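Colleague: Could you take a close look at the salt bridges here, and then at what surrounds them? Please go pair by pair.

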Amino acid sequence: MFVKICGLRTEADVDCAVTAGADAVGFVLAPSPRQVSVDEATRLVAAVPPEVLSVGVFLGMPVAEVRDVAVKTGLGAVQLHGAGYAAEDFAALADLGVPLVRATSTAGERVAVGAFGEEMLILDSPRAGSGEQWGWSELRGQTGRWLLAGGLRPDNVAEAIETVRPWGVDVSSGVESTRGTKDHGLIREFLAAARP
Ligand SMILES: O=C(O)c1ccccc1NCC(=O)[C@H](O)[C@H](O)COP(=O)(O)O
């Protein structure tokens, strides 16, 4: 089970997630209680070992700017949120050689782009990063490399995996003590629950 822990803001967060076994860590470069600056992201990405994917999360930033940030920070993947990005935006980024991940805020927009060498998809809640659950228990037949996101927590992730059988899972709110502040115990609990 591929596990992404998103919204990390400190080196201690990165160390905790990596040590607990996360396959990917996310840094939010968009308005959010978890937002980090480009300089902070550069410092955090440098703390991520090569076997763990560092994902930059963007919402609406012009793709030329996303490209510059990806190059400057050394991000391993770019997660473009929302429906505002067109196919040509991905083409503009593809020559970066940076895997692209497009998150969709509703199960209806099943947009997948190349990532991790293969197509990848994140099916998220209508309000990304909100901690809100959505109708993922109704999801059937989704195949390929896709992550389930939206309202996951240590106490529901095992059931979500059993019900929906995703390729991976992605969490932010469910491993926080307060919005924007990661709880390292919850990060460890989530990873243990996702991989019993
Ligand atoms: O996490 C945010 O604050 C955020 C802000 C703007 C766009 C996307 C954002 N997060 C994207 C993620 O990948 C989250 O991990 C995902 O939406 C799950 O969030 P949560 O329901 O809080 O676990």
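Modeller: In this predicted model, the side chains of D39 and K72 meet in a salt bridge, with 3.6 Å from N to O. D39 belongs to helix α2 (residues 38-46) and K72 to helix α3 (residues 63-73), so the bridge ties together parts that are 33 residues apart in sequence. D39 is exposed, at 55% relative accessibility.

A second pair is D170 and K4, whose side chains form a salt bridge at 3.1 Å, N to O. D170 sits in strand β9 (residues 168-171) and K4 in strand β1 (residues 2-6), distant parts of the chain 166 residues apart. D170 counts as buried because its relative accessibility is 6%, under the 20% limit. K4 is buried too, with a relative accessible area of 3%.

D155 and R153 make another salt bridge, the closest N and O atoms being 2.8 Å apart. Here D155 is exposed, at 59% relative accessible area, while R153 is partly exposed at 32%. R34, E176 and K182 are linked in a salt-bridge network. Over the whole structure, the search finds 9 salt bridges.

F190 is among the residues that touch the most other members of the largest nonpolar core, which has 47 residues; I5, F27, F58 and L148 are the others. Helix α6 (residues 184-194) supplies the largest share of this core, 5 residues. Another core, of 8 residues, lies apart from it and includes F2, L53, V55 and L147.

Methods:
Residues numbered from 1 in each chain as written. Predicted model: local features only at pLDDT ≥ 70, side-chain atom pairs only at ≥ 80, totals over all residues. Heavy atoms only, no water. Core = buried A, V, L, I, M, F, W, Y, C linked by side-chain atoms within 4.5 Å. Buried < 20%, exposed > 50% of the residue type's maximum accessible area, 1.4 Å probe, protein only. Helix = DSSP H or I, 4+ residues; strand = E, 2+ residues; numbered from the N terminus. Salt bridge = Lys/Arg side-chain N within 4 Å of Asp/Glu carboxyl O.
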